[in-house]
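Let's walk through this one with a few simple questions. Here it is.

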Amino acid sequence: MTLTDSTSGTLPDAAVAPVGIPSRGRAGRRAPVDTRTTAPVLDVTIPVFNEERDLEECLRRLHAHLLDSFPHAFRITVADNASTDGTLKIAERLAREFPELAVVHLDEKGRGNALRKVWLASPSPVLAYMDVDLSTDLAALAPLLAPLISGHSDLAIGTRLTRNSRVVRGPKREFISRGYNLMLHSFMGARFSDAQCGFKAIRADVAQQILPYTVDNSWFFDTELLVLAERCGLRVHEVPVDWIDDPDSSVDVLRTALADVRGMARLTRDLLYGRIPVPELRAALARGPLPASSRAAEQTRGGSLFGQLVRFAAIGAASTLAYLAIFVFCRGFMDPQLANFLALLITAVANTGANRRFTFGIQGGNPVRHHFEGLIVFGIGLLLTSGALALVHRTTTPDRWAEILTVVAANLAATAVRFLLFRLWVFRERAPRTAPSTRPVPWTGPGPATPSAGTPAASSADDTTATASTETAAS
């Protein structure tokens, strides 16, 4: 990795200084960023690959905007991902013109690879990135950075998928984007609204802790970072943006979406098998509970039994209508048992996700386990409805309406069973885990690990035992 500027031509890589656990004040609030630091307060990274057409206009616009509106020292870093055109030469020429501009050349392609390397080497306390086409209006940059500088939030993202966002793009990209985020909410328990908007910022003290556990080197890096941040109890701030699609973008949207789906499967395995030490990271990084969280009424998930029944009934009615529509549609060209299976599978996945969020009030946690247990419940419902269909076909030759009435009645019975299993098994309150020890967070990611300041160093067995005994007595 080579860093170039207008004075020395090449500079050595910035050392990754050990960064301790981000300081937390009352109710888990982060300390404000020290804007009096000699290093630039903000480092904005622009990942590029063969962007000679758009790069100069992007850098001039961004540089002028930051000079006019950002009150602290800043740096713009162009991360060239093995470009084969004139991108690197343009960036180096502009770096000689603007003292706030730096250029990093990487031999490997990939946005995730570029951001991870540049951010881990940056001395700035606030790190951001945006796409070179500047599809996002730069007026959103100030509200993106403010909560990070103040200590209110840990990570900030631009979102194109809220009612206050103003977006111009084609129906294909809109459908793929919304479908992908729906999958993230349903299968991974994500709460952020837009995973792939190229307009994000993060506090460097937090980034130093979680970036080593990210693996993806391409577009899924954004999703991986956000999911990990939420699992670690970090606060993600969302900023509605004005966004205009670049019709000449070189991004293959469909191929990127498929790669993201594969990334979801890989990240799910990593979380299930413990490659990422989420409990330890959460203990180190999560914001403390607010005083109101000690009230028993606010700790009860999902509220009263009556409220759960009302919400479950509403979701069940919608699921039944969706099930019926899918069954009738599929029955026109396939066997009734297969049509029943497909209709029940599709609605069961959506039903589990909706009940998890709205009926039982669960956010975060382990949605993979819930969906797995939900599929077991789905199997019980499949047995009921398939058995009813088999019985009616054995005793008579039913017409289409008799089939529909049979599956609806069986589905209502399966719904009652589903509620009981959801309440008593799938979404029941689990006993809280014991607090993790203060041992150093194990490193399992790529590359060498850098120990964080404030992390207890290895000690003898006697010292470890004595420390553990003291902590137990204190708690």
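Q: How do you know that β3 and strand β4 (residues 101–106) pair?
A: Six bridges join β3 to β4, and the two run parallel. Strands count as paired if DSSP finds at least two bridges between them, so β3 and β4 qualify. The chain gets from β3 to β4 through helix α2 (residues 87–97), in a right-handed β-α-β crossover.

A quick note before going on: this is a predicted model, where local features need pLDDT of at least 70, side-chain atom pairs count only at pLDDT 80 or more, and totals for chains, interfaces and linings use all residues. Residues are numbered from 1 along each chain as its sequence is written, and side-chain values use heavy atoms, with hydrogens and water left out.

Q: What makes β2 (residues 42–48) a partner of β3?
A: β2 and β3 pair in the parallel sense over seven bridges. Asp 43 stands opposite Arg 75 in β3.

Q: Why is strand β3 (residues 74–81) called largely enclosed?
A: Eight of its eight residues are buried (under 20% relative accessible area), so the rest of the structure largely encloses β3. Phe 74, Ile 76, Val 78 and Asp 80 point one way, while Arg 75, Thr 77, Ala 79 and Asn 81 point the other. In a regular strand, side chains alternate between the two faces of the sheet.

Q: Why is Val 417 called partly exposed?
A: Its relative accessibility is 30%, and partly exposed covers what lies between buried, under 20%, and exposed, over 50%. So Val 417 counts as partly exposed. Val 417 is found in helix α14 (residues 400–426).

Conventions. Helix = DSSP H or I, 4+ residues; strand = E, 2+ residues; numbered from the N terminus. Buried < 20%, exposed > 50% of the residue type's maximum accessible area, 1.4 Å probe, protein only. Right-handed = clockwise from strand over helix to strand, strands pointing away.
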